[in-house]
Amino acid sequence: MTSLQRDRLPFTKVIVDRIMTAKPMHRKFLSRALSRLTDDEALDAEKYIVYLLKDGLDDEYLVRSYLTIVEDTFREELYFRENGSYRYSSFAEAQEVVYNNADYMHRYMIGLALSAYWWLNHLTIKRFFNKQIPLLSKMHGLYREVGPGHGMYFLESISKCNFEKYQGIDISPTSVSMTKKIVTGGYFGDSSNVEIILADFLESSNLEKASALVMGEILEHVENPENFLERAYDTTTDDAFVFLTTCINSPAIDHLYNPGSVEALEKQIKRHGFYIKDSCIVPRDGASFADCEENKLAINVAYALEKHS
């Protein structure tokens with residue numbers, strides 16, 4: 001964090017200092033990540049923290065939420081190294097442990113939202129998404145986001161685009177509640193044309209075809225990504241913009257599917273009728289893409305997709 005940012009970000013400073021005190025081994029990682037933020041990004045993170053505090057949460061809860069992600073990721077990486085696979089393989093297991101556990105899910109979503117600013121891989125993906133916003137802002141019709149989670153990407157699109165309707169679909173009651181609160185509470189602006197649905201995207205019937213479909217960190221959470229990609233194709237217009245992010249060799253408590261390689265993932269995407277217009281491939285911080293491929297280290301990916309004509 002730069003001296004300018006420290007002066008202008010009092011709430012961030014408090015949270016970061018408490019995280020570093022609680023987890024000294026994380027100090028170097030977090031300091032390096034914060035130093036890479038632009039002033040605007042740092043201010044956005046500060047605004048999110050202030051929103052959470054105004055919503056009734058305290059410093060301790062925010063610190064605990066962030067450390068939930070740090071500690072769970074470390075534990076799942078150890079499991080992955082020892083077993084060569086993710087801990088769970090069925091949605092029912094993840095649903096029981098994570099999605100239907102309101103207390104854990106709430107902390108998990110807040111931790112993930114903070115990591116979108118404080119982890120370089122997540123920040124790079126977020127920057128790539130923002131790069132697509134000018135294209136999205138020229139579109140109309142229905143914007144749909146599957147798995148809005150903490151609601152931050154959803155909020156970004158609402159504030160910068162001009163769709164007639166915005167729809168979010170999530171299978172977690174906690175995520176639906178959090179997204180509704182952040183986009184309809186008025187703190188971040190007007191959102192009168194927003195609908196947030198508690199549903200399974202794969203099983204939802206009579207969905208209107210979307211002009212834009214955003215699927216952030218979804219494929220790794222499903223048992224059968226083939227069905228999900230097919231559903232994405234069938235529920236979008238022929239000229240739709242589709243944004244997809246996922247990860248490879250990146251264990252987390254609720255990750256089920258691992259494509260194994262970027263090549264395998266891209267073949268899968270293309271096999272389901274999508275054309276990759278733009279991409280962002282992010283190897284683990286401090287490692288090269290080749291290192292990640294060879295040693296099965298985490299790679300984050302994002303794609304701007306179009307449908308084959």
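A: K296 lies in the loop between α13 (289-295) and β7 (299-307), where helices (H or I, at least four residues) and strands (E, at least two) are DSSP runs numbered from the N terminus. The model is a predicted one, in which local features need pLDDT of at least 70 and side-chain atom pairs count only at pLDDT 80 or more, while totals for chains, interfaces and linings use all residues. Residues are numbered from 1 along each chain as its sequence is written, and side-chain values use heavy atoms, with hydrogens and water left out.

The backbone at K296 has a phi near 55°, a positive value in a residue other than glycine. With a relative accessible area of 47%, K296 is partly exposed, on a scale where buried means under 20%, exposed means over 50% and partly exposed is in between (1.4 Å probe, protein chains only).

A positive phi, near 50°, is also found at N249, again a residue other than glycine. N249 is in the loop between β5 and α12 and, at a relative accessible area of 5%, is buried.

The loop between β5 (236-248) and α12 (262-271) is also the place of Y257, which counts as buried at 18% relative accessibility. Once neighbours within four places in sequence are left aside, Y257 is in contact with Y86, L219, E220, V222, P225 and Q268, contact meaning heavy atoms within 4.5 Å. P225, one of these partners, is 32 residues from Y257 in sequence, yet the two C-alpha atoms are 7.7 Å apart in space.

Turning to the helices, Q132 has its place in helix α8 (residues 120-136) and is buried, its relative accessible area being 6%. Residues up to four places away in sequence not counted, Q132 touches F241, F243, D278 and A304.

In helix α7 is H106, whose contacts, with residues up to four places away in sequence again not counted, are L57, Y61, T174 and M178. Between H106 and G149 there are 43 residues in sequence and 9.6 Å in space, C-alpha to C-alpha. L57, on its side of the contact with H106, also touches L52, L62 and I110, not counting residues up to four places away in sequence. L57 lies in the loop between α4 (39-54) and α5 (59-83) and counts as buried at 18% relative accessibility.

Nonpolar side chains tend to be buried together in soluble globular proteins. Here the largest nonpolar core has 69 residues, of which Y48, Y66, Y108, W118 and L136 touch the most other members; such a core is a set of buried Ala, Val, Leu, Ile, Met, Phe, Trp, Tyr and Cys residues joined through side-chain atoms within 4.5 Å. Helix α7 (residues 102-118) gives the most to this core, with nine residues. Apart from it lies another core, of 27 residues, including V222, L229, I269 and L297. Y48 itself, its neighbours within four places in sequence left aside, is in contact with I110, A113, L114, M152, I182 and F188.

As for the whole protein, its secondary structure comes to 13 helices and seven strands. The radius of gyration is 19 Å, close to the 19 Å that the globule rule gives for 309 residues, so the protein is as compact as a globular protein of that length; the radius is taken over C-alpha atoms, and the rule is 2.2 Å times the number of residues to the power 0.38. Along its principal axes the C-alpha trace spans about 55 × 45 × 35 Å. Of the 309 residues, 52% are buried, and among contacts with a separation of 6 or more, 76% join residues 24 or more positions apart. Carbon and sulfur atoms hold 50% of an accessible surface of about 13,700 Å², an area that comes from the Shrake-Rupley method with a 1.4 Å probe.
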